[in-house]
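Have the structure open while you read.

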Amino acid sequence: MNTFLFENEEEKKYALACLAFSKTLGLIDDDSLDGVKKRCDKENEKRKAQLEKGETVYGLTHFSYPAYLNFELTRLKLDFAGESEKIKKAYNFTEITRKQMKAYYKENKDLFTRYNNDRFFFFEVKTVIYKKIREAQYDEEINNILRKFD
């Protein structure tokens, strides 16, 4: 049964590769889809308890399994791009130089252009550029894992 509503086998492999990377980084203990279900159920119980106590719940009050998987995979990528302390302990980030950032800025001018063709200056978007480069490194790590699956 396709509990997570994967459109195809490639989508499932991608999710499993992300979960495997997450386990390597020490963010989760179980990188199986059953592990995702357990974490989802636990999160739903936590949110239910918060609601019963009258506390504020930010985001969804109840996750479906596909929504929780998406939440976890998004959080992992954002934590990696933001170089969270937990990931820094488990992963040796390569240095991103100003030269690399300037090159990214020049190669992706469309990302930094407003609707009236007015561009953001480099100094205004350098944090975004830094994280975009980290996201590309994350994608490289996932692709390395996917190659092992084949």
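At what angle do α1 and α2 pack, and how far apart are their axes? In this predicted model, α1 and α2 pack at an angle of about 70 degrees, with their axes 10 Å apart. Angles of 65 to 115 degrees count as roughly perpendicular, and α1 and α2 are therefore roughly perpendicular to each other. On the α1 side, the contact is made by Lys12, Leu16 and Leu19, and on the α2 side by Leu33, Val36 and Arg39. Sorted by class, this contact of α1 with α2 has four nonpolar, no polar and two charged residues.

Helix α1 covers residues 9–24 and helix α3 covers residues 65–81; helix α2 spans residues 33–52.

| Helix pair | Angle between axes | Axis distance |
|---|---|---|
| α1 and α2 | about 70 degrees | 10 Å |
| α1 and α3 | about 50 degrees | 10 Å |
| α2 and α3 | roughly 95 degrees | within 10 Å |

With their angle of about 50 degrees, α1 and α3 are therefore oblique to each other. Their crossing is left-handed. From α1, the residues in contact are Ala15, Cys18, Leu19, Phe21 and Ser22, and they meet Leu69, Glu72, Leu73, Leu76 and Phe80 of α3. This set divides into eight nonpolar residues, one polar and one charged.

The axes of α2 and α3 cross at roughly 95 degrees, which makes α2 roughly perpendicular to α3. Here Val36, Lys37, Arg39, Cys40, Asp41 and Glu43 of α2 touch Tyr65, Tyr68, Leu69 and Glu72 of α3.

Next, the aromatic rings. How many aromatic pairs does a search of the whole structure find? The search finds 15. In one of them, the rings of Tyr68 and Phe71 have centres 5.7 Å apart and planes at 45 degrees, so the pair is tilted. Tyr68 and Phe71 are three residues apart in helix α3, so about one helical turn separates them. Tyr68 counts as buried because its relative accessibility is 5%, whereas Phe71, with a relative accessible area of 32%, is partly exposed.

Finally, look for a group of rings: Phe21, Phe80, Tyr91, Phe93 and Tyr138 form one aromatic cluster.

Technical notes:
Residues numbered from 1 in each chain as written. Predicted model: local features only at pLDDT ≥ 70, side-chain atom pairs only at ≥ 80, totals over all residues. Heavy atoms only, no water. Axes fitted to C-alpha atoms, helices over the stretch in contact; angles between N-to-C directions. Helix = DSSP H or I, 4+ residues; strand = E, 2+ residues; numbered from the N terminus. Parallel < 35°, antiparallel > 145°, perpendicular 65-115°, else oblique. Left-handed = near helix turned anticlockwise from the far one by under 90°. Contact = heavy atoms within 4.5 Å. Nonpolar A, V, L, I, M, F, W, Y, C, P; charged D, E, K, R; others polar. Phe/Tyr/Trp six-rings, centres within 6.5 Å; stacked < 30°, edge-to-face > 60°. Buried < 20%, exposed > 50% of the residue type's maximum accessible area, 1.4 Å probe, protein only.
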